[in-house]
Amino acid sequence: LYSASNDPNFKHAAPFLSGVASYIERNSIPFEHIDVWVPSYVDGNSSMGTGSKSQSGNFRLCFGGSATMGVQIVNNEPNPDGTSQKPVLKRAPITQEDKTNFSMFGTYSEKFSFDTGCGLPGRVFQSGVPAWEQFVSESHPSLFERRGGAAQFGVKSALGIPIESPNVGRIVLVMYSKHDRMQNSNLMERLMNDLKLLNPAPRWKLVVDVGPAKGSKDAKNCPSSLHQPPAIQKADTVSPPSPRSLDPVKDARNKQINDLIFLLGEQIPLDMNSTLGQQIHGIMSLRLVLLRPHRTPEEEALVTTILVLYESYLQAGRPSHDIACMLARDFCFHLQHGVQQQMMMSFSQGMQ
């Protein structure tokens, strides 16, 4: 069977996540993917992406690693005559497609961080109480900011569990499933009791140069924060803040990219039958390309084209939802056109 430790997002918190993954598979827990969120102590200088507003003066919750299981729990099939059998849960290998989707969801989640009380990790961290949520891809963004990624990668259920840690206070473990998992209070209580025995003691301190706006008050809204993954450092060591870029052209481009990422995130639709809903694949695919820290030369050229179109739509006074819709279509068109060009070049070379 597929091993959870082979997942490309199995990192940073590997010893702890390895123990959780082993526990889930041994005990047939009905979730196929996990990630962990840890408090990140913040510095006084803000360098977060556009739209990110830290209302907490001490820390944020940042992505600490993820892993995908090798098996899933499924319901038994109906009888050949169409009658239903007595419901029985059984184990089955997870498919390659599901492994890929969960891996991409892990990469997508890595770009997020949460204020205390915001998003599923933030609410669980603040309350110290587990939260089991269904249909997360249809949730309001104030409840599950990553609903766009959940819709794209097939995540339907999520369970957030607070776990006390001896060296970082409290962390939050979130479990995900592609199935609609009905809430089970007995299972939640069992997980709370069992997982605390793993005694998570991560040997890192997450340091992010984020600071609250002066004079800011407690937040009523919880905007999604997107930023580059924080540096993973050994405990009790703090690196000095990195110098600001001296390239104004590069700075302007990065700001434009951050602005576009934020705009696309705001416009991720709840109604998949709406005009924007029909463009969800283009919106999410473009967003993932923009979020990548390293892009191929072809992707950089495509991003440059999209940014030129984005600027022209802004200057034309187009509303945000129109811009998101048009850019999604533009992205898909140019992507398909690029593939066709590559095929024609390969064909021409083969004829020579």
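This is a predicted model: local features need pLDDT of at least 70, side-chain atom pairs count only at pLDDT 80 or more; totals for chains, interfaces and linings use all residues.
Buried residues make up 46% of its 352 residues.

Trainee: Why is S137 called buried?

Mentor: The relative accessible area of S137 is 15%. Buried means under 20%, so S137 qualifies. S137 belongs to the loop between β6 and α4. Leaving aside residues up to four places away in sequence, S137 touches R147, A150, A151 and V155.

Trainee: What makes F135 partly exposed?

Mentor: F135 has a relative accessible area of 43%. F135 is found in the loop between β6 (131-134) and α4 (147-153).

Trainee: Which value of phi does S28 have, and where is S28 found?

Mentor: Phi of S28 is near 55 degrees, a positive value in a residue other than glycine. S28 lies in the loop between α1 (14-26) and β1 (33-42). With a relative accessible area of 31%, S28 is partly exposed, because this value falls between 20% and 50%.

Trainee: How do you know that the buried residues of helix α5 are on the same side?

Mentor: The buried residues of α5 (residues 185-195) are L187, M188, L191 and L195. They cover an arc of only 100 degrees around the axis, which puts them on the same side of α5. An α-helix has 3.6 residues a turn, so residues three or four places apart point the same way. The face of α5 turned away from the buried side carries the exposed residues S185 and N186.

Trainee: How do you know that the span of helix α2 agrees with its number of residues?

Mentor: Helix α2 (residues 96-109) has 14 residues, which at 1.5 Å a residue should span 20 Å. The end C-alpha atoms of α2 are 20 Å apart, which agrees. The buried residues of α2 include F102, F105 and Y108.

Trainee: What makes strands β7 and β8 a pair?

Mentor: Strand β7 (residues 157-165) and β8 are joined by 9 bridges in the antiparallel sense. At least two bridges are required, so the two strands count as a pair. S165 has G169 in β8 as its bridge partner, and a hairpin of 3 residues joins β7 to β8.

Trainee: Why is strand β8 described as mostly covered?

Mentor: In β8 (residues 169-177), 7 of the 9 residues are buried.

Trainee: Which residues have the most contacts inside the largest nonpolar core?

Mentor: That core has 51 residues, and those with the most contacts inside it are W37, Y108, Y176, L260, L264, L290 and L327. Helix α7 (residues 280-291) gives the most to this core, with 8 residues. Not counting residues up to four places away in sequence, L260 touches L290, I306, L307, Y310 and L327. A second, separate core of 25 residues includes F31, I34, L173 and M175.

How values were computed. Residues are numbered from 1 along each chain as its sequence is written. Side-chain values use heavy atoms; hydrogens and water are left out. Buried means under 20% relative accessible area, exposed over 50%, partly exposed in between (1.4 Å probe, protein chains only). Helices (H or I, at least four residues) and strands (E, at least two) are DSSP runs, numbered from the N terminus. The arc is that of the directions from the helix axis to the C-beta atoms. The expected span of a helix is 1.5 Å times one less than its number of residues. A nonpolar core is a set of buried Ala, Val, Leu, Ile, Met, Phe, Trp, Tyr and Cys residues joined through side-chain atoms within 4.5 Å. Contact means heavy atoms within 4.5 Å.
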